[in-house]
Amino acid sequence: IIRVNEYAYVLAKQHGMSEAFCDEIRYSAQLHDVGKMSVNTAVLMKKGMLTPEERAEMDRHPFYGYTILKQSDRLKMAADIAYCHHEKWAGTGYPRGLKGDKIPISARIVQLADIYDALRAERPYKEGYSHDAACKVILEGDNKIDPKEHFDPDLLESFKKCHKEFDRVWKSFMDR
């Protein structure tokens with residue numbers, strides 16, 4: 001959670017967002033997956049592939065998070081992030097299939113930050129990637145991620161300029 005906050009802050013700052021925006025995204029990013037609290041625990045903890053019904057339940061977490069957070073004016077950015085962090089630049093994401101700049105910039109920033117962290121982290125089903133390997137996937141793609149489909153191209157340019165800060169954040173807040 002702390003790493004995603006910090007990556008989002010670094011990327012927002014590099015992208016030229018205002019100091020107020022950068023400060024707000026730094027505390028809002030951590031709530032991007034709050035909707036998972038409403039997902040059945042058995043689905044969250046399941047080892048292996050999800051059934052189509054379980055995948056549909058998991059894919060509702062952005063809406064659940066938005067529903068929780070939208071009730072507070074103070075958490076408007078967090079609500080936007082929760083709702084839209086799985087949208088993709090090309091419009092092929094979920095839950096609403098938003099495209100391009102229809103996706104709030106805060107959610108576009110957190111999406112990239114979250115994917116970087118997911119690539120770096122070890123999971124039961126995969127080894128953690130090195131910084132260079134994670135950057136290569138984000139910038140060039142692999143069999144699951146197409147940068148042109150996933151990411152705002154201007155944010156990718158900003159990421160190229162600050163990616164070393166992402167590695168510094170990773171090393172500062174590694175899982176112990």
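Throughout this tour, buried means under 20% relative accessible area, exposed means over 50%, and partly exposed lies in between (1.4 Å probe, protein chains only). The model is a predicted one, in which local features need pLDDT of at least 70 and side-chain atom pairs count only at pLDDT 80 or more, while totals for chains, interfaces and linings use all residues. Residues are numbered from 1 along each chain as its sequence is written, and side-chain values use heavy atoms, with hydrogens and water left out.

Begin with the whole protein in cartoon view. It has ten helices and zero strands; these are DSSP runs (helices H or I, at least four residues; strands E, at least two), numbered from the N terminus. Buried residues account for 44% of the 176 residues.

Next, select Lys13 and Glu19, whose side chains form a salt bridge (2.7 Å, N to O). The term denotes a side-chain nitrogen of Lys or Arg within 4 Å of a carboxyl oxygen of Asp or Glu. Lys13 is partly exposed, at a relative accessible area of 40%, and Glu19 is partly exposed with a value of 40%. The whole structure contains 14 salt bridges.

Move to Arg3 and Asp117, where a salt bridge is found at 2.5 Å, N to O. Arg3 belongs to helix α1 (residues 2-14) and Asp117 to helix α7, so this pair ties together parts 114 residues apart in sequence. Arg3 is buried at 8% relative accessibility, and Asp117 is buried at 10%.

Then select Arg120 and Asp167, which meet in a salt bridge of 2.9 Å, N to O. Asp167 lies in helix α10 (residues 153-172) and Arg120 in helix α7, so the pair links parts 47 residues apart in sequence.

Finally, centre on Glu87, in the loop between α6 (76-84) and α7 (105-120). What is the nearest side chain of opposite charge to Glu87? It is Arg96, 4.4 Å away, and the buried Glu87 has no salt bridge; Lys and Arg count as positive and Asp and Glu as negative, with His and the chain ends not counted. A polar atom of the Glu87 side chain lies 2.8 Å from the backbone nitrogen of Arg96 and 3.0 Å from that of Gly97.

In the loop between α6 and α7, select Pro95 as well. A cis peptide bond joins Tyr94 to Pro95, with omega about 10°.

Methods. Polar contact = N/O pair within 3.5 Å; in protein donor to acceptor, adjacent residues only side chain to side chain.
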